Amino acid sequence: MTSKTVAVLPGDGIGPEVLDAALPVIDALGLPVTLEHGDIGWECWRTEGDPVPRRTWDLIGRSDAVLLGATTSKPGREALADLGPGLRERAPAYVSPIIQLRQRLDLFANLRPVENHLGGTPYRFCVVRENTEGLYAGLDWDRVPEELWPLVAGHPNARRSGRDATTASVRMLTGHGLDRILRFAFEHARAHAHHRVTFADKPNVLRHSSAFARGRLEEIAAEYPEIEYEILNVDAVALWMTRRPERFGVVVAENMFGDILSDLGGGVMGGLGLAPSANIGENGNYFEPVHGSAPALAGTGRANPLAAFLTIGLLLEHLGFGEAAGEVRSAVSHVTRRRDRVTYDLGGTATTAECAASVLDACRAVPRAHSGAVVTVGDELLRAALEDTNAGEASRRLAARGVPVRIRHTVGDDEAAIADAVRASVGRDDVVVVIGGLGPTSDDVTRAGVARALGLPLEHRESAWQAVVERLTRFRVAVHEDNRRQALFPAARTCCPTPTEPPGAAASICRAPRS
């Protein structure tokens with residue numbers, strides 16, 4: 001593997017703490033990566049009058065990637081007041097380090113992966129935000145310029161208020177900006193096996209600029225015929241991101257819409273403590289956990305380091321260490337789903353160092369403890385009309401195979417309840433055993449509940465149906481059309497013969513391929 005150099009800029013607040021906790025993962029994975037530390041942030045501004053000193057730009061210039069911890073920014077008046085003696089008169093206007101990096105390196109694409117690390121219905125998508133134009137293009141005035149007034153004055157509120165009491169901002173979209181962000185989105189979809197690109201905009205209101213964007217989208221999409229694309233209202237995207245995140249692949253949007261959706265994505269996945277980001281451009285890059293400097297947490301040992309680990313994973317993928325990046329993501333998912341050593345924001349009590357140590361243990365191939373879940377189905381179990389001996393037997397058998405049961409659910413013959421119980425363990429537990437309600441009668445809805453939890457349709461398996469027919473015939477039981485229900489299984493799952501039955505018997509075990 002070719003050696004790479006990474007500029008590490010810890011920055012402000014909790015930035016140094018989370019990077020110190022997470023960076024040992026590079027050594028744990030044995031990667032040929034050289035780390036060179038540099039300075040950035042508020043202390044540089046306060047003592048030097050420049051939040052990104054020239055030496056830091058030199059370091060960035062000779063590095064393959066930049067890892068940023070966090071930076072603090074304050075309004076102009078507060079920034080000036082914080083300057084050290086002798087700097088206020090000659091210091092330039094304060095410009096955020098983030099803005100400086102994005103502008104100087106032309107970092108036009110902000111990438112925010114959103115993945116289910118907490119268990120439940122699996123989802124994996126990303127938000128691609130255009131960084132350089134849109135409503136954040138800088139065309140924003142506290143008083144409408146004279147040359148713009150004839151256009152603005154057509155609005156009745158502007159006429160009533162007058163130019164001196166009217167402000168305006170302009171959303172700027174360009175062919176150059178749209179083409180490169182859309183092409184970036186489709187390339188990312190292709191590289192990461194996403195089958196759909198969703199352009200989030202507001203075409204029912206911003207009719208003309210959205211129509212222009214649609215034309216560019218259609219032209220770029222023609223270069224990627226294997227990838228589906230769509231245009232959705234940004235508010236609808238926000239709704240469906242929270243309700244059905246699994247429907248998305250790559251969501252791409254102009255600057256402000258992307259800014260909002262990317263933070264919403266962080267909320268969907270469990271909070272900013274799990275949210276990594278990358279900024280990619282023509283002349284460079286930087287990778288940063290999204291949570292910011294969080295000054296109130298600095299020095300308390302409570303900051304969540306998982307976003308820093310996931311950000312390092314993104315960086316490693318960018319540098320060509322894809323397998324190592326996958327190991328980091330897998331280790332983080334293992335820790336979050338176990339929830340025994342996570343920080344307060346994920347419901348735990350672990351310190352920053354303890355949480356980081358659990359991820360490092362997972363990356364070093366320390367044996368990972370498996371867990372199981374058992375779901376028993378039946379109204380009679382809820383009424384205590386029958387004793388639930390099956391759940392106990394399943395727990396004993398799993399434990400004998402090194403898979404202790406973490407949780408047991410008992411639910412009635414209700415499809416939604418079954419789906420909720422299964423969904424709570426999918427992705428979090430290694431084995432989920434569902435018992436009961438798999439017969440031919442009308443109230444046997446277990447298979448439908450499992451399929452609903454997985455977001456999959458039921459499909460007929462002819463081999464299973466022939467096994468059902470063979471068994472019923474062997475026992476001299478009439479074959480009824482209702483028996484076909486027993487040959488329905490969630491689509492694209494592997495059916496395993498029940499061990500106690502002869503080869504070819506009806507399968508009652510459904511196995512999903514591991515991601």
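A word on the source. This is a predicted model, where local features need pLDDT of at least 70 and side-chain atom pairs count only at pLDDT 80 or more, while totals for chains, interfaces and linings use all residues. Residues are numbered from 1 along each chain as its sequence is written, and side-chain values use heavy atoms, without hydrogens and water.

Cys126 is buried, at 2% relative accessibility. Cys495 is partly exposed, at 25%. Buried means under 20% relative accessible area, exposed over 50%, partly exposed in between, with a 1.4 Å probe and protein chains only.

On a 1 Å grid over the protein atoms alone, a cavity is a set of points where a 1.4 Å probe fits but cannot get out; a pocket is an open set with protein on both sides within 12 Å along at least five of seven lines. Lining residues have an atom within 4 Å of a point.

The structure holds one cavity of 30 Å³ or more. The largest cavity has about 40 Å³ of space. Its lining includes Glu130, Leu173, Phe199 and Asn255.

On to the second largest pocket. Its space is about 560 Å³. It has 27 lining residues, and Ile98, Ile99, Arg102, Arg129 and Tyr286 lie nearest its centre. Helix 6 gives the largest share of that lining, four residues. Helices here are DSSP runs of H or I, at least four residues, numbered from the N terminus.

Technical notes:
Grid points are joined across faces, edges and corners, and a volume is the space filled by probe spheres set on the points. Helices (H or I, at least four residues) and strands (E, at least two) are DSSP runs, numbered from the N terminus.
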